[in-house]
Number of protein chains: 4
Amino acid sequence: MHQETQAGIAPPRQRRVGLWLIGACGGVGTTVALGLAAWRKGLGTPTGLVTALPMFGPSSAAGKATCGAPLLDDLESFVLGGHEIRQTHWMQTAREMQQRANVFSTELLQACREELESWSANVRGGTLLNVGEAISRLASLPNLPSAETPRQAIARIQHDLLCFREAHRLEQVVVINVASTEPPFRLTEVHQDWARLAASLESQEGASLLPASSIYALATIELGWPYVNFTPSLGASFPAACQRAEECGAAIAGQDGKTGETLLKTVLAPMFALRNLRVLSWVGHNIFGNRDGWVLDDPRNKLSKIRTKDQVLAHILGYKPQTHVSIEYIESLDDWKTAWDHIHFEGFLGVKMVLQFIWQGCDSILAAPLVIDLARLALLAQRQGERGILRHLACFFKNPLGVQEHDFFRQFAMLEHYVAQVRSQIPA
Amino acid sequence: MHQETQAGIAPPRQRRVGLWLIGACGGVGTTVALGLAAWRKGLGTPTGLVTALPMFGPSSAAGKATCGAPLLDDLESFVLGGHEIRQTHWMQTAREMQQRANVFSTELLQACREELESWSANVRGGTLLNVGEAISRLASLPNLPSAETPRQAIARIQHDLLCFREAHRLEQVVVINVASTEPPFRLTEVHQDWARLAASLESQEGASLLPASSIYALATIELGWPYVNFTPSLGASFPAACQRAEECGAAIAGQDGKTGETLLKTVLAPMFALRNLRVLSWVGHNIFGNRDGWVLDDPRNKLSKIRTKDQVLAHILGYKPQTHVSIEYIESLDDWKTAWDHIHFEGFLGVKMVLQFIWQGCDSILAAPLVIDLARLALLAQRQGERGILRHLACFFKNPLGVQEHDFFRQFAMLEHYVAQVRSQIPA
Amino acid sequence: MHQETQAGIAPPRQRRVGLWLIGACGGVGTTVALGLAAWRKGLGTPTGLVTALPMFGPSSAAGKATCGAPLLDDLESFVLGGHEIRQTHWMQTAREMQQRANVFSTELLQACREELESWSANVRGGTLLNVGEAISRLASLPNLPSAETPRQAIARIQHDLLCFREAHRLEQVVVINVASTEPPFRLTEVHQDWARLAASLESQEGASLLPASSIYALATIELGWPYVNFTPSLGASFPAACQRAEECGAAIAGQDGKTGETLLKTVLAPMFALRNLRVLSWVGHNIFGNRDGWVLDDPRNKLSKIRTKDQVLAHILGYKPQTHVSIEYIESLDDWKTAWDHIHFEGFLGVKMVLQFIWQGCDSILAAPLVIDLARLALLAQRQGERGILRHLACFFKNPLGVQEHDFFRQFAMLEHYVAQVRSQIPA
Amino acid sequence: MHQETQAGIAPPRQRRVGLWLIGACGGVGTTVALGLAAWRKGLGTPTGLVTALPMFGPSSAAGKATCGAPLLDDLESFVLGGHEIRQTHWMQTAREMQQRANVFSTELLQACREELESWSANVRGGTLLNVGEAISRLASLPNLPSAETPRQAIARIQHDLLCFREAHRLEQVVVINVASTEPPFRLTEVHQDWARLAASLESQEGASLLPASSIYALATIELGWPYVNFTPSLGASFPAACQRAEECGAAIAGQDGKTGETLLKTVLAPMFALRNLRVLSWVGHNIFGNRDGWVLDDPRNKLSKIRTKDQVLAHILGYKPQTHVSIEYIESLDDWKTAWDHIHFEGFLGVKMVLQFIWQGCDSILAAPLVIDLARLALLAQRQGERGILRHLACFFKNPLGVQEHDFFRQFAMLEHYVAQVRSQIPA
């Protein structure tokens, strides 16, 4: 796949790597594209990028190593592509976001036009297999295949990925799912074992066995490329897929990026635990109005999201307080996710007290740098020869694959430990 | 001082230890007294007590060891006493709090009457030396000495402490300052060196050299007993006092208990730091109406408090955002401290976002269990033969003595590390 | 019914009037009973009583007229009774509220014991006819009739009411529904016309035609007594009942007391309207945990409540912004209703801005004085010879019968106008 | 001054009127200019304009009468000019606001460039007489006169105003003060009587007698033109100025536009009053970071603002609860004024409850349409022959001149009454 592994983990100069986004032209995908384009134009700042923290090296933000071996790829090294089901392109979706949520400046969009148009040419039509009604209604691309077997869909997607790598002479490619949330998918016996599942995927009857998110995941995994699921959709989060990742040497991570309200839960709950204050109830009410919110307005899709948001507290507290999580689509807010959390807790002598917080964040702006972080870290893991679940990435996810730890700070310590370990393996 | 050190750290059954409170009948002192009395009556719960967490042993909440050696004193072991400048007693102040802030039930007060009355007999008149105008106005006890030299005041206080220990046959006594906040005290050369300071304390001219909080601290330190400063007042927070503590084998800790808004700052700021989100401004507005608030309504006293509240962010973030901290005395709120914090931060591509929180806590209820925790941990430290600053208690304080770390979780890790170390020294 | 009408509207001294509560021992009913008992003991204050405002006369708070004719009955004049389906009494429910929500003092409960016990003897078993599953599950009184026709239930309730009036020699009696919310009731042709409905009520087949709230309403109306519906249940809110009220000379009012979040909506929405600021979306999230909340946790019952809460904005604004109202049962909050409202609005040049409010009110405490106000005003209306809908009481209700006006201040002006008119009819 | 009064109040077609802004290029002035320019380009909407409400006529928003006589001037009729002390112009200040607060789009600025540049040519250098240190520090225009007597300053300003009217052939001109807040000005005997004051203004010794805001006010008043003070500065708010306005036939109005937090106070306080809920304390904490905020960061200037904000409650409630108002300059917020208000109130049986609100408004965007409203209404008043204080404009001001009523809805009723009266005088 790449020659660097022989030469050690250091990415050589003038490397080119690919970031392939599932749901490329959604809010998160568009912001990733704009952010990487802005960086190339010298208009970006490292704010919001975890991989720009000092712990990743003196030059990690810009990725420009002046001495020794930088851990991570330069932001300039990335070439973008992806799958999409809507008839659109990045310049258009960036302009729409600007008009609706007023987060980017007109000047920024103009400056990034060249990259956005060039990368848009890399976008290919995705699959609608079992995405659910809400997402299906969004599809506007003509000629999206409708009668593929899962195996055919996988093959088609792999073809797109391989063409992308070849066309741009990329050293590595990472695939990240940033598409809208699918409804929960019921797992059965067949999802427990790769051999059984593999056989079923060949037939038309197997068409109902996997949702689109898992098709993309398997296509990537079987190429041995790293795959990250930034959404609550199924993706690679079932035993047969994890098994296949191990077999194919693919690194996988997920699921559901921890960007706002849930991040705060996993920051505040440890405080209550360590101060021995008893949480009586924790109510979280989320409102927003972007396309992801529109999809979540379907109760089936919403259920996936609420599940990952609502489980973290019991893990951290060690008991289950009454919880309530709601998500409502409020069109006027667009990308400005507002969350009100009301935490009722008991202190000494049984006295009840209250903490409330109001979070007003721009969803795509919070998510995009984490996607870039995950891309850099997944590519590093691949160079390191890691396979299977990347547990050290737990701090990025609401529902970290393979990890029971939800305390944000303990999760972050896992990442710090990993980085120290990797560094210790680099020859001085 | 106590025989246990020879026999190991385990507190034997039927031990009796003393907790001496400076500002005994204030809100925090009253709640400590009520809480310990309630525990004796079987009406308490361990909620709010850090030392009731599992890390302190299977039986640490009740302190009733069934096997091996419990680290900490039983809550039933404590006898209370203290210094006070107002003409009052615990039953009366508890009733006043009940009427004004409605936090205790009438039934609880009745059940605890016996202990509160008995312990009130241990309260002695304190000193008004340099407490400032606001606190002086609170003094209502007749016959408070007015023309003592610092050394005379220290001797008188030590006499009170020794009588307390003798009268109740106490194995150990810890002194904790929970009095109202004094104005900032200007330190000079004489406070840098114990020998110089000691000489000055003998004369009437030396009367302006130390505030009351430091008089109590030195009285305790010179007995070799543990001293904890739960307030922003000077106490033992200057070089000559720390030096004296080392010399006398006294363990000291402080300063200013971290109970509410500042606790949240030291929990949330690390999140912004680790996600590389740039805090642009952090505004904290605190309102409350208890006696401490009345004292803080004097701008001189308020200054002490704001200083300890306003320094934590820069330490954690590594840069200084614009900050504003205000504290206002709003009588109707009484003990219900309400804090509104507005955090303006910048994310990816320069987008500005907002987190706000509203904290509605009962100040005394939050503080009292931490005072009990500190009493238990300071007594443990003394038994362990520790002297000077107890750095492992940083997580309890807004301005931890001798520690630059303000991140709550890193501070807590210091405590965990300490406990593990102590346990490793206990013979199985 | 009463002799005063001849002598003019002035209630003579030593009058005794009855207040009959449907759902007597619920939170609101209990607080009404406790409040009136406290008043008798000299422990009450007029705070929260609209009828204690100066506009009702110099002595209206205490009701003790020193000159001229007071408009309203003294608070001491009231004798309480009611219908209930649970096996309980006011002293017990008051104590439960004290223990769970901590709003009353133990001392107050003790002082009011005599009245509460005496009035509890007036409580009778109610009807479960079509109350829905959630309310049925609350029923614990033995021997509640289960196979009555509507007409039999009406007759039984009327018997209870008449016995109450007789036993206490009451000049007037007003009936107010403060029971938990029933599910929405589907109205048909038969509810449009009294003659048709009346015929159906006689048969067992007619048992499904009316919910309990309407049974109580008709029982009261046919006695010619005033009836007030403080809940979203059907009560007298359908054409046949209004027609019957006119025929029988009964004054009726309703529906659903406007106590908290909706009150604020009808106060704030006029501001946006008069400043020509365009409301884009208005989200209201309510959480509380008392028995009413438990009943509303049933989606059928909740629907009734949300309907009355969600209609006011369009009436005031003149257009329909996106709205969302949710109500969740959070047990730990008990009677402390907390509402978070997020109002997104557009100003000059299309700029979007936000107002948020957080309301932390004690539901029963807010409702009870309004119930007393309505009792006094309904009794006044009856003495004035008014029949049918009392439109001037619109400011008390979320869904005012017979009135399209939802602006709180315009509604209040209707009450002021009414009072001025009544006063002008009183001989000097 | 203008011929229309003879011909009746109707503004003839193709009228041109002038709006002269003191502090022309500040945030409010810039937004007024941009808003009127946008309207001319067909890019405006009537949102936020009170004078666009239906009560001002079917065509009042656009001002394009199709039948009968429109009450108010078309928005297209306005020509802008003003006084300024900084070296800048509207296109520049609009661009600065766009960059700092992100409220206008780049496209809007481009579309309005022609008008902004043309109107900027009408801006003249103002006076620094007694503006205080904070405002003086802002002055960057060269050649601002420094040694004028008040009378010389008045004459110079009048010359600017008359040239403006002549150059643009304006039918009427209204002067509105939207400059930064001056420190409070101490009034003495000489301010009580015009004759005494007039004499003093001629001498250099009189230079300390009036602040700049009053110089502009008198210059306008003595021309008989309408003057509106949208700020808390002194302006015409003293007896001698009011007397002079009567003498010269000038209509005056003020003071301090009611745009955000105070508007809410005057909306919510009436609710507490009419529900007889007792406000115990009302705390308001305001943060923002625009140039007005920078000036208010000087404690002297802040005092003027807090005074007008803090008086409204006692007037509405009829008693004085504990209040606290603070205003802090937080640079990162720029024009986004955020206010947190905490209202502690008592209900039935003495139970304490809380309402909190958080207002996130863009100051200039809220103020600008009200300035345009006041311009239209002041011009109408002049055409109507009104002189002295315009009391019917109370709803626009925090501290309405000549009016004790602070209840927003009662104030608005005064405006409605006025409009009805004016309409009744128009010949059909």
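First, the ground rules. This is a predicted model, in which local features need pLDDT of at least 70 and side-chain atom pairs count only at pLDDT 80 or more, while totals for chains, interfaces and linings use all residues. Residues are numbered from 1 along each chain as its sequence is written, and chains are lettered from A and ligands numbered from 1 in the order in which they are written.

I start with chain A. Chain A has 15 helices and 11 strands. Helices here are DSSP runs of H or I with at least four residues, strands are runs of E with at least two, and both are numbered from the N terminus. The radius of gyration of chain A is 21 Å, close to the 22 Å that the globule rule gives for 428 residues, so chain A is as compact as a globular protein of that length. That radius is taken over C-alpha atoms, and the rule is 2.2 Å times the number of residues to the power 0.38. Along the principal axes, the C-alpha atoms of chain A fill a box of roughly 65 × 55 × 50 Å.

Of the 428 residues in chain A, 59% are buried. Buried means 20 or more other C-beta atoms within 10 Å of the residue's own, exposed means 12 or fewer, and partly exposed is in between, with C-beta atoms placed from the backbone. Now contacts in chain A: among those between residues at least 6 apart in sequence, 77% join residues at least 24 apart. A contact is two C-beta atoms, placed from the backbone, within 7 Å.

Next, the sheet in chain C. Seven strands make an open sheet with parallel pairing, in the order 3-2-1-4-5-6-11. Two strands count as paired if DSSP finds at least two bridges between them.

Now the contacts between chains. 45 residues of chain A are in contact with 45 residues of chain B. Which element of chain A gives the most to the side that touches chain B? Strand 10 of chain A does, with 10 residues. By class, that side has 32 nonpolar, 10 polar and 3 charged residues. Nonpolar covers Ala, Val, Leu, Ile, Met, Phe, Trp, Tyr, Cys and Pro, charged covers Asp, Glu, Lys and Arg, and the others, Gly among them, are polar.

Strand 10 (residues 352–362) of chain A pairs with strand 10 of chain B in the antiparallel sense, over 7 bridges. In this pairing A:I358 stands opposite B:Q356, and A:W359 has B:L355 as its bridge partner. Within chain B, strand 9 (residues 336–346) and strand 10 run antiparallel and are joined by 11 bridges. There B:W340 stands opposite B:I358. In strand 10 of chain B, 10 of the 11 residues are buried, so the strand is largely enclosed by the rest of the structure.

Chains C and D also meet, with 45 residues from chain C and 45 residues from chain D. Strand 10 of chain C gives the most to the chain C side, with 10 residues. It pairs antiparallel with strand 10 (residues 352–362) of chain D over 7 bridges, and the partner of C:W359 is D:L355.

On to the core. The largest nonpolar core has 556 residues, and A:V371, B:V371, C:V371 and D:V371 have the most contacts inside it. Such a core is a set of buried Ala, Val, Leu, Ile, Met, Phe, Trp, Tyr and Cys residues joined through C-beta atoms within 7 Å. Leaving aside neighbours within four places in sequence, C:V371 is in contact with C:V28, C:V32, C:I176, C:V178 and C:F230.

Last, one residue in chain D. D:D335 lies in the loop between strand 8 (322–329) and strand 9 (336–346) of chain D. Is D:D335 buried or exposed? D:D335 is buried, with 25 other C-beta atoms within 10 Å. Not counting residues up to four places away in sequence, D:D335 touches several others, including D:M97, D:F288 and D:C362.
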